[in-house]
Amino acid sequence: MKTLLLRPARLRAYLDLVRFEHTLFALPFAYAGMLLAAGGWPGWHDLAWITVAMVGARTAAMALNRLIDAELDAANARTADRELPRGVLRRGDALALALLGFALLVLAGWALNELTRNLLPLAALALALYSYTKRFTWLCHLWLGATIGAAAAGGWIGVTGSFSLAAVLLWLGVGLWVAGFDVIYGILDVEFDRGNGIHSIPARFGEKMAMAISGGMHALAWLALTLLLSVTPLGWPYALALVAVGTVLIRANVLVRRRGAGAALAAFNANLYVSSLVLLGVGVDVLSR
């Protein structure tokens with residue numbers, strides 16, 4: 001910890017290792033679930049601990065993924081400059097960061113309510129196993145989606161201590177959205193994956209079919225998020241956000257279809273806007289009542 005505090009360059013390496021800025025993928029959805037469950041401002045206690053839980057969970061998952069995939073990353077030209085292959089950080093550093101992330105998740109789970117405490121073992125198992133799924137099934141994208149999508153349901157559960165249809169729809173919407181853009185991202189490594197026994201939808205079915213599957217996942221994700229209008233008091237601000245979300249998803253999928261693998265990274269980055277748009281729609285809707 002002292003090293004982290006005294007050496008900004010090393011702290012930057014830790015943040016880069018887990019792509020900390022990509023926490024934006026899931027955190028806004030957790031906040032959306034939180035606001036929707038509370039019907040307004042949930043209070044600082046819930047906000048703080050839900051934030052700790054989400055940051056801890058994602059940090060643990062990414063650090064563990066980098067540790068488990070260190071040899072694969074070193075062999076792949078696209079990922080060979082990551083922190084572990086380059087020796088900027090050691091395996092022990094990644095393990096320590098993963099354990100810190102899990103500790104934060106457990107601490108937050110205990111601080112929130114009984115259901116979050118009871119779900120901790122399942123959450124930790126799901127986070128730990130993702131990195132292994134691509135070694136035996138092309139359904140790995142759905143596992144990732146289900147794991148990250150739990151953030152949205154987690155925001156709801158963190159406030160209410162219970163499940164609901166709205167929480168399930170949020171989970172389904174986010175999960176399919178994440179799985180869809182992970183399929184797009186997988187197009188970048190088709191040849192490497194095929195040559196190294198790594199399973200993915202692009203490697204199994206080819207780029208063209210992968211694009212179609214990704215588009216289908218995103219269509220279903222948008223439908224699930226739209227169904228929230230029928231089971232919650234959400235109104236026109238959220239509906240307007242859904243229009244923007246649909247536009248982003250269509251644009252990302254069309255971009256990949258037209259330009260192929262070369263546009264995969266651009267389409268992947270475009271997805272960063274989706275979670276922020278959903279949070280904006282839910283936030284304006286709920287907090288303006």
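Which residues in H4 meet which residues in H8? In this predicted model, where local features need pLDDT of at least 70, side-chain atom pairs count only at pLDDT 80 or more and totals for chains, interfaces and linings use all residues, Ala57, Ala61, Leu64, Asn65 and Ile68 in H4 meet Leu127, Ala128, Tyr130, Ser131 and Tyr132 in H8. Contact here means heavy atoms within 4.5 Å. The residues of this contact divide into 8 nonpolar, 2 polar and no charged; Ala, Val, Leu, Ile, Met, Phe, Trp, Tyr, Cys and Pro count as nonpolar, Asp, Glu, Lys and Arg as charged, and the others, Gly among them, as polar. Residues are numbered from 1 along each chain as its sequence is written, and side-chain values use heavy atoms, with hydrogens and water left out.

Here is the geometry of the pair.

| Item | Value |
|---|---|
| Angle of H4 (residues 44-68) with H8 (residues 114-133) | about 30° |
| Distance between the axes of H4 and H8 | 9 Å |

That angle makes H4 roughly parallel to H8 (angles under 35 degrees count as such). H4 passes H8 in a right-handed crossing, meaning that the near helix is turned clockwise from the far one by less than a right angle.

Now for the whole chain. The protein chain has 16 helices and 0 strands, as DSSP runs (helices H or I of at least four residues, strands E of at least two). Of its 289 residues, 53% count as buried, that is, under 20% relative accessible area with a 1.4 Å probe. The C-alpha atoms fill a box of roughly 55 × 50 × 30 Å, taken along the principal axes.

Notes: Axes are lines fitted to C-alpha atoms, for helices over the stretch in contact, and angles run from 0 to 180 degrees between N-to-C directions. Angles under 35 degrees count as roughly parallel, over 145 as roughly antiparallel, 65 to 115 as roughly perpendicular and the rest as oblique. Buried means under 20% relative accessible area, exposed over 50%, partly exposed in between (1.4 Å probe, protein chains only).
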